[in-house]
There are 2 protein chains.
Amino acid sequence: MPSPQSPERKVIAVDMDEVIADALGEHLTRYNRDFANDHAAAITLDDLRGRRLWQVAPAQRHPVIDNYLREDDFFRVLQVMPNSQRVLERLQSRYEVFIASAAMEVPTSFVAKYDWLAEHFPFIPTSHIVFCGDKSILRADYLIDDNPRQLALFRGEGILYTSPANIHINGYRRVDNWLAVEKMFLS
Amino acid sequence: MPSPQSPERKVIAVDMDEVIADALGEHLTRYNRDFANDHAAAITLDDLRGRRLWQVAPAQRHPVIDNYLREDDFFRVLQVMPNSQRVLERLQSRYEVFIASAAMEVPTSFVAKYDWLAEHFPFIPTSHIVFCGDKSILRADYLIDDNPRQLALFRGEGILYTSPANIHINGYRRVDNWLAVEKMFLS
């Protein structure tokens, strides 16, 4: 039982890809590097509203797209989502924060994801990093995630972090960026 | 809400090291290979009742012991705990089973642990594997673990799986082996 001096803090679990790490941006960078040219326009984020990259790209390119995730450097070079570092560090003062990534889907990503977190979020203790598959296993009050399938499995309150693919999804409180997370949890 | 036809199953989380994987046995094998000789008796499991290897071994050997865990092959060659495969597969018919390892303590172990599970427990879907640090994050009804520190953090019922180091620990239901797990959950 928590003592009256230290009331138990709410737990927030935070997804990695598309929430703190811009995996989609890196996907587009690699796709356009490989396929955009004078005759084929680059795919933009606007092209992906309500759709995933594999729904826009021709079928014969799907194996190439799938392979980007397995390239050694993919998860190491991802850009940090704007304001996520500052807001996550602030959240830690009022909440218990865990990073929870569905890393089991890409087992080659474990070390790169771990190293990326150490580099960009050194204030998250390794004890509070979770690599999982099905997020029903998380005991947290909130899960901030862009994936509606994971939010549906989760047993606390799911907060939908906006990404192009999920703009038509309803049924969850939604945050469009980390300033919105800050307002929701800290104002 | 689960339908009456499929009542929600209880969730059991199961630790890896000392519960399904004999990490201590491999530690002793490597220690005795390096330090036991005509003048120094091998350390046995009996020597470790209520103590950890680093409490028995001279201090100057601690860096060597710590390093065993970081050797590339360590987590790949671990023996499977007797009956754990058969009983875990039976548990899946009545419970939702997750494997939950505190792998964040040894980040070099991720891939070896993942591969070891695929080899010896292929019936556990990767969606039900969790690499974490602090097991307070697990939403499960039961956690079978040899580590009292993790059981104290866990919010469901902790089941203490006997290992030499924990024989003096009280306060949890205890199982000495996988036949005892089978009896507790399936009889």
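Copies are superposed by least squares on the C-alpha atoms of residues with pLDDT of at least 70 in both. I'm working on a predicted model, where local features need pLDDT of at least 70, side-chain atom pairs count only at pLDDT 80 or more, and totals for chains, interfaces and linings use all residues. Residues are numbered from 1 along each chain as its sequence is written, with chains lettered from A and ligands numbered from 1 in the order in which they are written.

Symmetry first. I laid chain B on chain A: a turn of 180 degrees and a shift of 0.0 Å along the axis give an RMSD of 0.0 Å. That is the relation of a two-fold axis. In chain B, the residue that comes closest to the rotation axis is B:Arg139, with its C-alpha at 2.1 Å.

Next, domains (bounds from an automatic or database domain assignment). Chain A splits into domain 1 (11-22 + 79-186) and domain 2 (23-76). I find their C-alpha centres 23 Å apart. Their contact (C-beta atoms, placed from the backbone, within 7 Å) takes 17 residues from domain 1 of chain A and 14 residues from domain 2 of chain A.

Then a helix pair (helices are DSSP runs of H or I, at least four residues, numbered from the N terminus). In chain A, α4 (residues 84-91) and α7 (residues 178-186) pack at about 15 degrees, axes 9 Å apart; I note that axes are lines fitted to C-alpha atoms over the stretch in contact, and angles run from 0 to 180 degrees between N-to-C directions. That makes α4(A) roughly parallel to α7(A) (angles under 35 degrees). Among the contact residues I listed A:Val87 of α4(A) and A:Trp178 of α7(A).

Notes: Helix = DSSP H or I, 4+ residues; strand = E, 2+ residues; numbered from the N terminus. Parallel < 35°, antiparallel > 145°, perpendicular 65-115°, else oblique. Contact = placed C-beta atoms within 7 Å.
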